[in-house]
Amino acid sequence: MSLGKAKAKSVLDSLEIDDPSLLVNLNEICMARGVFVREGHIDGAEARLTIGDSFSRVKAVILARPNDTYETRTRFSIAHELGHFELHKNIQATISCSERELNEWFGKQAHQEREIEANEFASELLLPERFIRPVIHAQSNPSLNLVDSLASKYQTSFIATARRLIDLTEEACALVFFKKDRILYHVPSELFRRQHYWIALGPLDMASMAYDAATKGKNGAYMSAVDAATWVDISEMKDWQRSKIEDAKILEQARFFPKLDLGISLLWIKDPKLIWN
């Protein structure tokens, strides 16, 4: 378990949060940890943590930029800064985070690792495994509809909730992030990762649901079957693997968010013949 997730679990335990409804009051959670939250304009940042006097009741202040279009993003920003307080308050007195830091999940440099830890803290705090995993496991079919349901209940962003689905599902799933003209990257579930499938970067395949969402505004209402080779890179596969993939189907559901210039496809390898490891 990562440091960020472990710390968030510890905070939830210390506050005895045993019901999802208690997570709605995020500012009260912060205050219980000695951190005051207010919203307001910040030059060049989405949120800022300022460490105060450790001997006073208010140990730090979080200033978060309000987002009228996506209010759930403000909640994530606040949880991210609380993560910095819990994990990194002894490193620097002021921490400012731009949209780039709030979307940092992969870097290996020290400052990037701190942002990843804060993001993982926020993810676990807002969408605790103790509540989310049983819901995911109770659903026979992973889908973006489930993401919608969880995001609405927990007041979290669609993107953060979709990542949580991938983090906790036991199915062979992957999230593919894309723009209108190209694939950006993918995030695999543990089972998907073990199959060593790779989603090649490049332009969207016209046969994909992602292409329809990005170019035609056709967001999928449900998971649909597409050729596996539409997404899975077969160029480096052995012949027997390639023949299986070329003849197989996987399931896909896609959404595109014009205001963010960003799309997400959920891929699900359901066919047991394609699960090799």
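Two strands are said to pair if DSSP finds at least two bridges between them, and both strands (E, at least two residues) and helices (H or I, at least four residues) are DSSP runs that are numbered from the N terminus. With these terms, a hairpin of four residues joins strand β5 to strand β6. The model described here is predicted, so that local features need pLDDT of at least 70 and side-chain atom pairs count only at pLDDT 80 or more, while totals for chains, interfaces and linings use all residues. Residues are numbered from 1 along each chain as its sequence is written, and side-chain values use heavy atoms, with hydrogens and water left out.

## Helix α1

Helix α1 covers residues 3-14. Its 12 residues reach 16 Å from the first C-alpha to the last, which is close to the 16 Å expected at 1.5 Å a residue, where the expected span is 1.5 Å times one less than the number of residues. Seen down the axis of α1, the buried residues fall within an arc of 160°, so they line one face of the helix; the arc is that of the directions from the helix axis to the C-beta atoms. These buried residues are Gly4, Lys5, Ala8, Lys9, Val11 and Leu12, where buried means under 20% relative accessible area, exposed means over 50%, and partly exposed lies in between (1.4 Å probe, protein chains only). As a general point, an α-helix has 3.6 residues a turn, so residues three or four places apart point the same way.

Lys5, found in α1, counts as buried at 18% relative accessibility, and Lys9 counts as buried at 16%. Contact here means heavy atoms within 4.5 Å. Leaving aside neighbours within four places in sequence, Lys5 is in contact with Glu120, Phe121, Glu124, Arg164 and Asp167; with residues up to four places away likewise not counted, Lys9 touches Met1, Glu124, Glu129 and Arg130. After the helix comes Glu16, whose phi is positive, near 55°.

## The four-stranded sheet

Four strands form an open sheet of mixed pairing in the order β1-β3-β2-β4. Its edge strands, each of which pairs on one side only, are β1 (35-39) and β4 (94-97). From one strand to the next the twist averages 15°, with axes taken as lines fitted to C-alpha atoms, for helices over the stretch in contact, and angles running from 0 to 180 degrees between N-to-C directions. Helix α3 (residues 71-88) packs on this sheet and touches β1, β2, β3 (60-64) and β4, its direction making about 30° with that of β2. Strand β2 (residues 47-51) pairs with β4 in the antiparallel sense over four bridges, and Ala47 stands opposite Cys97 of β4.

| Strand pair | Sense | Bridges | Residues standing opposite |
|---|---|---|---|
| β5 (residues 173-178) and β9 (residues 262-268) | antiparallel | six bridges | Ala174 and Leu267 |
| β5 and β6 (residues 183-188) | antiparallel | five bridges | Leu175 and Val187 |

Strand β5 is mostly covered, since six of its six residues are buried. Cys173, Leu175 and Phe177 point one way from this strand and Ala174, Val176 and Phe178 point the other way, and all are buried. Strand β9 is also mostly covered, with seven of its seven residues buried. Leu262, Ile264, Leu266 and Trp268 lie on one side of β9 and Gly263, Ser265 and Leu267 on the other, and both faces are covered. Between β8 and β9 there is a hairpin with four residues, and Asp261 in its turn has a positive phi of about 50°.

## Cysteines

A disulfide is taken as a pair of cysteine sulfur atoms within 2.5 Å, and by this rule the count comes to zero disulfides. Cys30 is in no disulfide, the nearest cysteine sulfur being that of Cys97, 14 Å away. Cys30 counts as buried at 0% relative accessibility, and Cys173 is buried as well, with a relative accessible area of 1%. Cys173 also has a place in the strand pairing described above, where it stands opposite Trp268 in β9.
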